[in-house]
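Good morning, everyone. Please take a moment with the sequence and the model on the screen, and then we'll walk through it.

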Amino acid sequence: MRRRFIAGLMLAAGLAAGSAGAQTFPSKPITLVVPFSAGGPTDTLARILAERMGRTLGQTVVVENTTGAAGTLGVGRVVRAAPDGYTIGIGHWSTHVVNPAIYPLKFDILDDLEPLADIATNPQLVVARKDLPANDLKGLIEWAKANSDKVTAGTSGVGAASHIGGLYFEQKTGTKLRFIPYRGGGPALQDVVAGQIDIMFDQAANSIPQIQGGKIKAFAVTAKQRLKAMPDIPTVDEAGLPGLYIAVWHGLWASKGTPKDVVELLRRELIAIMNEPEMVTKLRTLGQDPGGQTSEEFAAMMRDGLEMWTRVIRETNLKVTQ
């Protein structure tokens, strides 16, 4: 009886502490970990969110770029963080689906993180330096075949979305590319603009400003529908390479074990922010479609995506090498 009484007191104290924690959260700045370098599409999205979340939560949201290993270092940083809601991470299809399908990670992507919300989705664009001698996707494929092993393709690292997009392109066209890894999409795209590398399979949100400025060429969007932000760019189906579909969705995660009421507070605020007309307009201008799934739907999308892309990578024998 004495042991039961003590256990009951401990449980009551724990529940009270959890409730008090949620009522005072956040009482200090929150760190938002970005697993890629500054200037890329994930970093851009994170900074837009950080500013808006800071106003809603009444605390500064500090963006921290933890780069390397195709984003796995940044994700691992969130996994190992104290489960209190003060360190959260942004990631996407590549960091939370492709990487676990390729690498022997030191953490379990499904069990060691708490999904908060899906943020936005954008397809890839097939882009190239502006002086590349091809004017459409079929011409690009012909040029790549004629210059086998010489065509350089920028990536955000081994296994990144830009890398998998290039590997998938190779598999479907019979071409051979020479992949050049960078520490993020921003630096890779800068070298496309500078003419230092030939092509890139880039997130639409990253490439659109450079396309609009006439600094790079765009050949196709890897989706079934054209982009609302740039409706003149054909889909891969229209351009002659049907089925090359790759959509890069983004989401936010907290460490496993973060108090449920803190998780729910963050989820609620994030979903509200993503539904704001101003945010919807801003994201669509960047080529992003705003998210808004429930946490259960978001978790299911991760599980289904991991199963699908693990199968695709194995069945198509995509080799993740440089």
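Which residues form one aromatic cluster here? Trp-93, Tyr-168 and Trp-309 do. Before going on, please keep in mind that this is a predicted model.

Let's take that cluster apart. A pair of aromatic rings is described by the distance of the centres and the angle of the planes. The structure holds seven aromatic pairs. One of them is Trp-93 with Trp-309. Their centres are 4.9 Å apart, and the planes stand at 75 degrees. That makes the pair edge-to-face. Where do the two residues sit? Trp-93 is in helix α4, residues 93-102, and Trp-309 is in helix α12, residues 295-315. These parts are 216 residues apart in sequence, so the pair ties together two separated stretches. Trp-93 and Trp-309 are both buried.

Now the next pair. Tyr-168 and Trp-309 have ring centres 5.8 Å apart. Their planes are at 80 degrees; therefore this pair, too, is edge-to-face, since the planes are over 60 degrees apart. Tyr-168 belongs to helix α6, residues 161-173. From there to Trp-309 in α12 is 141 residues, so again distant parts of the chain are linked. Tyr-168 is buried, as is Trp-309.

Lys-28 lies over the face of Tyr-86. The distance to the ring centre is 4.7 Å.

On to the helices, starting with α7, residues 185-193. Which of its residues are buried? Gly-185, Gly-186, Ala-188, Leu-189 and Val-192 are. Look down the axis of α7: the buried residues fall within an arc of 160 degrees, so they line one face of the helix. What does that set pack against? The helices are α2 (41-57) and α8 (204-212). The strands are β4 (113-129), β5 (151-155), β7 (199-203) and β8 (216-221). After α7 comes Gly-195, with a positive phi near 80 degrees.

Helix α3, residues 72-80, has its own buried set. Thr-72, Gly-74, Val-75, Gly-76, Val-78 and Val-79 make it up. The cover over them includes strands β1, β3 (87-92), β4 and β9 (247-255), along with helix α4.

Next, a strand pair. Strand β1 covers residues 30-34, and strand β2 covers residues 61-65. How many bridges join them? Five, and the two strands run parallel. For one example, Thr-31 has Val-62 in β2 as its bridge partner. Between the strands, the chain passes through α2. This β-α-β crossover is right-handed.

Pro-26 lies in it, between α1 (2-24) and β1. Phe-25 and Pro-26 are joined by a cis peptide bond, with omega about -5 degrees.

Ala-70 is at 6%, which means it counts as buried, the cut-off being under 20%.

Gln-288 is in the loop between α11 (277-285) and β10 (289-290). Its relative accessibility is 2%, so Gln-288 counts as buried. What does Gln-288 touch, leaving out residues up to four places away in sequence? Its contacts are Leu-45, Ala-120, Thr-121, Asn-122, Ala-205, His-250 and Leu-283.

Gly-214 is in the loop between α8 and β8. With a relative accessible area of 44%, Gly-214 is partly exposed.

To close, back to the rings. Trp-309 pairs with Trp-93, and Trp-309 also pairs with Tyr-168. Together, Trp-93, Tyr-168 and Trp-309 form one cluster. Thank you.

Technical notes
Residues numbered from 1 in each chain as written. Predicted model: local features only at pLDDT ≥ 70, side-chain atom pairs only at ≥ 80, totals over all residues. Heavy atoms only, no water. Phe/Tyr/Trp six-rings, centres within 6.5 Å; stacked < 30°, edge-to-face > 60°. Helix = DSSP H or I, 4+ residues; strand = E, 2+ residues; numbered from the N terminus. Buried < 20%, exposed > 50% of the residue type's maximum accessible area, 1.4 Å probe, protein only. Lys NZ or Arg CZ within 6 Å of the ring centre and 35° of its normal. Arc of directions from axis to C-beta. Contact = heavy atoms within 4.5 Å. Pairing = 2+ DSSP bridges. Right-handed = clockwise from strand over helix to strand, strands pointing away.
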